[in-house]
Amino acid sequence: MWKGSVMPTIVKEEKKTNTMKALVYHGPGNKNWEDKPKPFLQEAGDALVRITTSTICGTDLHIMKGDVPTVTDGRVLGHEGVGVIEEIGTGVSNFKKGDKVLISCITSCGKCDYCKKGMYSHCRDGGWILGNKIDGTQAQFVRIPHADNSLYHAPEGVAEEALVMLSDIFPTGFECGVINGQVHPGDKVAIVGAGPIGMAALLTAQFYSPALLILIDQDENRLQVARAFGATHTLNFKNENVEEKIKLLTNGEGVDVAIEAVGVPASFETCQDIIAPGGRIANIGVHGKPALFHLEKLWDRNMSVTTRLVDTVTTPLLLKVLASGKLDAARLGTHSFALSDILKAYDAFGNAAKEKALKVILKA
Ligand code: ZN
Ligand code: ZN
């Protein structure tokens with residue numbers, strides 16, 4: 001039995017170290033920055049990471065609308081982040097306490113059949129689980145399963161604001177858009193959607209020196225930013241006929257690569273309207289509704305359509321490009337908030353057009 005005045009102090013101390021603040025989902029339209037139990041190591045391969053920088057994704061807004069049924073009441077959101085390792089499980093060998101790390105939006109064991117094929121997104125014991133099926137990165141701490149394969153060492157001298165864009169945005173734009181679209185030197189490329197993912201596709205498509213890089217959106221501010229990021233042309237579908245304009249720009253042929261970076265039926269149809277014979281439509285968008293595929297127009301076009309959930313297999317490559325100074329990832333961060341002001345950050349990101357927001361940076 002405890003006697004005297006010692007116990008209350010200890011209890012208070014334990015309570016303090018075992019809770020944290022986190023952005024918690026409470027059903028469609030309901031979220032709160034509140035106390036949660038601090039995560040702890042559950043498996044030998046786990047790492048506990050103290051978040052230093054996080055951000056909000058368009059996917060989090062879909063979750064808030066109730067579009068992602070795997071996310072249940074009480075879930076801590078967020079699948080992007082940079083942090084410092086607080087603790088590692090006995091099975092973790094690539095990292096140690098105190099290492100600064102990039103957290104991949106995709107958790108992967110590195111050992112299953114899908115992982116062996118480089119399809120980390122379909123890992124038998126991972127995939128997109130952070131801020132979805134397990135608690136995520138919009139918190140002071142996060143538990144990362146399969147840490148050896150799901151974390152990356154932060155390169156020296158890279159700002160966290162830039163690094164955090166490699167959790168999801170850059171691998172997604174690059175793998176699902178540019179790589180699947182097989183962008184070649186001299187290609188005519190159109191990207192439908194000038195949000196953060198479309199911008200990441202725009203920046204990484206330039207690795208391959210396409211001849212034309214046409215950005216299509218309805219937000220004039222975003223189109224202006226796209227021009228600053230290297231778009232050769234921009235089209236505003238609110239007041240321009242995209243199909244006709246693209247014909248004019250491509251000798252009537254259409255584009256070699258059309259990248260869909262929105263996730264609505266109309267933008268997928270736009271890609272079909274502008275694709276040249278032999279072209280590739282690369283879908284990135286997360287679609288919640290059926291979209292028409294005009295096989296009656298496209299059956300003889302020698303074209304292909306690809307879909308993909310990001311595997312994050314290009315993260316090591318992107319880290320090298322970032323560290324070399326050849327990828328200006330930090331430019332996507334338009335707003336910065338303290339992590340504890342995350343509710344304000346959600347408001348700004350949710351009103352992206354009015355706020356002229358691309359990515360909002362959260363600093364712990
Ligand atoms: Zn995301
Ligand atoms: Zn796996």
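## Close-up views of a predicted model

**View 1. Threonine 172 and its contacts.** Threonine 172 touches Ile197, Ala200, Ile284 and Val310, leaving aside residues up to four places away in sequence. The model shown here and in the other views is predicted. Threonine 172 sits in helix H6. It is buried, with 27 other C-beta atoms within 10 Å; the cut-off for a buried residue is 20 or more. Threonine 172 and aspartate 219 are 47 residues apart in sequence, and their C-alpha atoms are 22 Å apart in space.

**View 2. Helix H6 and what covers it.** Helix H6 spans residues 169-179. Of its 11 residues, 11 are buried, so H6 is largely enclosed by the rest of the structure. Among these buried residues are Ile169, Phe170, Pro171, Glu175, Cys176 and Ile179. What lies over them? The cover of the buried residues includes helix H7, strand S11 (255-260) and strand S12. It also includes helix H12 (315-323) and strand S15 (359-363).

**View 3. Helix H6 packed on helix H7.** Two packed helices are described by the angle between their axes and the distance between the axes. For H6 and H7 the angle is about 70 degrees, and the axes are 8 Å apart. The two helices are therefore roughly perpendicular to each other. H6 passes H7 in a right-handed crossing. On the H6 side, the contact is made by Ile169, Phe170, Thr172, Gly173, Phe174, Gly177 and Val178. On the H7 side, Pro196, Ile197, Ala200, Ala201, Thr204 and Ala205 take part.

**View 4. An open sheet of six strands.** The six strands are ordered S10-S9-S8-S11-S12-S13, and their pairing is parallel. Which strands lie at the edges of the sheet? They are S10 (233-236) and S13 (304-306), and each pairs on one side only. Neighbouring strands are turned by 15 degrees against each other on average, direction ignored. At one end of the order, strand S12 (residues 275-283) pairs with S13 in the parallel sense over three bridges.

**View 5. Helix H8 across strands S9 and S10.** Helix H8 (residues 220-228) lies across strand S9 (212-217) and S10. H8 runs at about 170 degrees to S10. Its buried residues are Arg222, Val225 and Ala226. Seen down the axis of H8, they fall within an arc of 105 degrees, so they line one face of the helix. An α-helix has 3.6 residues a turn, so residues three or four places apart point the same way. The buried residues of H8 pack against helix H7 (196-205), S9 and S10. Just after H8 comes glycine 230, with a positive phi of about 115 degrees.

**View 6. Two loop residues with positive phi.** Serine 209 is found in the loop between H7 and S9. Its phi is positive, about 50 degrees, although serine 209 is not a glycine. Buried or exposed, where does serine 209 stand? It is exposed, with 12 other C-beta atoms within 10 Å. The second residue is asparagine 302, in the loop between helix H11 (295-298) and S13. Asparagine 302 is not a glycine, yet it has a positive phi of about 55 degrees. Asparagine 302 is exposed, with 10 other C-beta atoms within 10 Å.

**View 7. The hairpin of strands S1 and S2.** Strand S1 (residues 19-25) and strand S2 (residues 31-37) run antiparallel and are joined by seven bridges. The two strands form a hairpin with five residues between them. Glycine 27 is in the turn and has a positive phi of about 90 degrees. Valine 24 has asparagine 32 in S2 as its bridge partner.

**View 8. Strand S5 with strands S4 and S7.** Strand S5 (residues 100-103) runs antiparallel to strand S4 (residues 81-88), and four bridges join them. Glycine 81 stands opposite isoleucine 103 in S5. How many bridges join S5 to strand S7? S5 and S7 (residues 151-153) are joined by three bridges and run antiparallel. Here valine 101 stands opposite histidine 153 in S7.

Definitions and conventions
Residues numbered from 1 in each chain as written. Chains lettered and ligands numbered in written order. Predicted model: local features only at pLDDT ≥ 70, side-chain atom pairs only at ≥ 80, totals over all residues. Pairing = 2+ DSSP bridges. Axes fitted to C-alpha atoms, helices over the stretch in contact; angles between N-to-C directions. Contact = placed C-beta atoms within 7 Å. Arc of directions from axis to C-beta. Parallel < 35°, antiparallel > 145°, perpendicular 65-115°, else oblique. Left-handed = near helix turned anticlockwise from the far one by under 90°.
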